[in-house]
Amino acid sequence: MEFVYALLVLVLAVFVAAFILLVVGTIYFDLSNSEIPLGVDQPVRLRIVHSILIGTAVLGKILEKLGLCSQLRFTRYMRRGKKLGEDPKLFIKDLQFGKVPVRIYQPRTPSAGRRRGVIYFHGGGWMFGSIDSYEPVCRYIARESESVVVSVEYRLAPEHTYPAQYEDCLTATTHFLKTAEDYGVDPACIIISGDSAGGNLAAAVCQTLVSRPDLPKVHAQVLIYPGLQAIDFNLPSYQQNCAVPILFRERSAFYVLQYLKGDASFLEDVLEGSHMPVDVKLKFRKWLSADNIPKEFKVRGYKPKVPIECSNEVYEAVRNFCEPAFSPLLAEDAVVHQLPESFILTCEHDVLRDDALLYKKRLEDGGVPVTWYHIENGFHGIISLFDNGRLSFPAGKKGLDNIVNFLRSL
């Protein structure tokens, strides 16, 4: 009996040791293949945040292999963030706009008139994020800008694919535009906003609503490091920041494929640019070209990619990438000219930087007023880490304050 007990202890010890080695080895491998650029805000903190994200993914994969829960479900749970208590300055309530869950934040202080309204679509690659995980950001915006904020809980990939997320955001926004006065909001002063994947959804919804004369006109849009196209993953920012946390070039392509069809097949084709025929690329070249990006954003290195042909199979699988609702950068000029005043935030060390720069140019060329704030020492996701305890990033707080100042100016 003692022998059996000792054997079980030994097996358990080997299992634990193997588990630790696997976790440490995987984290080391991912860290060694990442790059923390010189000049980035709080490099040590960024490395720690990145390590935590990798560790969470690895642990989730182990739990999935053991049959305890899926990696996706575990990662979503871990990213949800801690539950916040009551806010003395805000009324907070969960509602449904149509069939879409939302959380509304209303300042408690009396207002002489109707307030501005801000509808917010969270980031997370269309796969992660929630109204819970973005509670600190939305509370801050509501308090500091004295606005009514509506945070939208849209459906996530891969369980729900395009256009489910876009449709949920459009449904929630339409409902808010129609019922704004019920929440003390001026329907003529509603701003559509979002970060990362949420910035993509905000841009797409804003474009759709220019053709809805039956609804109040959107007053402004706030796009925070948005992903706006899935045609070219070899722009300067993708090459320069391909391994910069917390969004790698490969992961950005992975996310758009999950959003489109719920799996990552044809990932290599998308990264290489062989998922789109040359004639399609030429069609969009006037809007989607490194030639339209200012020279100062190419000094860290850029090698133009030679166009290559693709197979019909790949193109047919991803042809919806070309739809403006998926890639708002590709909208027609007639739509872009009608868009409202815009605020765009970019980060230097972000693969999505150039998507936003190209859209900024399109808006300005179309006569749309644009306020642009560039975080020179910023990285993708920095805004959501503005108040993250000892792992907070001052540059993210400064960026968020610039957003608040823009809102207060409207």
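Author: We begin with accessibility: a residue is buried under 20% relative accessible area, exposed over 50%, and partly exposed in between, using a 1.4 Å probe and protein chains only. Glu-181 is partly exposed, at a relative accessible area of 45%, whereas Arg-114 is exposed, at 52%. The model is predicted, so local features need pLDDT of at least 70 and side-chain atom pairs count only at pLDDT 80 or more, while totals for chains, interfaces and linings use all residues. Residues are numbered from 1 along each chain as its sequence is written, and side-chain values use heavy atoms, with hydrogens and water left out.

Reader: How many salt bridges does the structure hold?

Author: Side chains of opposite charge can pair when their charged atoms come close. A salt bridge is taken as a side-chain nitrogen of Lys or Arg within 4 Å of a carboxyl oxygen of Asp or Glu. The structure holds 23 of them. One joins Arg-114 to Glu-181, with the closest N and O atoms 3.7 Å apart.

Reader: Which parts does the pair of Arg-114 and Glu-181 tie together?

Author: Helices (H or I, at least four residues) and strands (E, at least two) are DSSP runs, numbered from the N terminus. Arg-114 lies in the loop between β2 (100-107) and β3 (115-121), and Glu-181 in the loop between α5 (164-179) and β5 (185-195), so the pair ties together parts that are 67 residues apart in sequence.

Reader: Which residues touch the most other members of the largest nonpolar core?

Author: A nonpolar core is a set of buried Ala, Val, Leu, Ile, Met, Phe, Trp, Tyr and Cys residues joined through side-chain atoms within 4.5 Å. The largest has 84 residues, of which Phe-121, Val-152, Ile-192 and Phe-321 touch the most other members. Helix α6 (residues 197-209) gives the most to this core, with 8 residues. Apart from this core lies another, of 38 residues, including Val-149 and Tyr-373.

Reader: What does Phe-321 touch?

Author: Contact means heavy atoms within 4.5 Å. Not counting residues up to four places away in sequence, Phe-321 touches Ala-230, Val-256, Leu-260 and Met-276, among others.
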